[in-house]
Amino acid sequence: MVKVEEFQQFGKEQFDAAVASANTFSSGLQSIATAYGDYAKKSFEDTKTFVEKLSGVKSIEKAIELQTEYAKTSYETFVAESQKIGELYTDLAKQAFKPFEGIVAKVSATTH
């Protein structure tokens, strides 16, 4: 038979876990939003620099060279930032569910 105190304690633990998860989730989303903002800002600045360089080019060969260089660095930056943001999402998921691990372990132990 389950005692009232045990039931209340279990409810409190669930509530505390939910609050901890929400706080972690909030700060994780903020980190992700900051990473997206930083990437967008860098991308804009890189594009601006590319256009400035391209406007001063006098030959087709130099324009193609600049375009190739810009495409390569843009792709490399995109891949690196995508990996970074992907890792932030992974960390967010792990941290958001971490407070519930103890509860799940308790429930599993009591049902077996």
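The dialogue below goes from the overall fold to single residues.

Q: Which elements make up the protein chain, and in what order do they run?
A: Please keep in mind that this is a predicted model. The protein chain has three helices and zero strands, and from the N terminus on the order is α-α-α.

Q: How many of the residues are buried?
A: Of the 112 residues in the protein chain, 12% are buried, while the chain exposes about 8700 Å², with carbon and sulfur atoms supplying 62% of that area.

Q: What span should α2 have, given its residues?
A: At 1.5 Å a residue, the 38 residues of α2 should span 56 Å, and because its end C-alpha atoms are 55 Å apart, the two values agree.

Q: Which residues of α2 are buried?
A: An α-helix has 3.6 residues a turn, so residues three or four places apart point the same way. In α2, the buried residues are Leu66, Thr77, Glu81, Ile85, Leu92 and Ala96.

Q: How many aromatic pairs does the structure hold, and how are the rings arranged?
A: The structure holds one aromatic pair. The ring centres of Phe50 and Tyr70 are 4.3 Å apart and the planes lie at 15°, so the pair is stacked. This pair links distant parts of the chain, with Phe50 in helix α1 and Tyr70 in helix α2, 20 residues apart.

Terms used: Residues are numbered from 1 along each chain as its sequence is written. This is a predicted model: local features need pLDDT of at least 70, side-chain atom pairs count only at pLDDT 80 or more; totals for chains, interfaces and linings use all residues. Side-chain values use heavy atoms; hydrogens and water are left out. Rings of Phe, Tyr and Trp (its six-membered ring) pair if their centres lie within 6.5 Å; planes under 30 degrees apart count as stacked, over 60 as edge-to-face and the rest as tilted. Helices (H or I, at least four residues) and strands (E, at least two) are DSSP runs, numbered from the N terminus. The expected span of a helix is 1.5 Å times one less than its number of residues. Buried means under 20% relative accessible area, exposed over 50%, partly exposed in between (1.4 Å probe, protein chains only). Accessible areas come from the Shrake-Rupley method with a 1.4 Å probe; for residues, only the protein chains shown count as cover.
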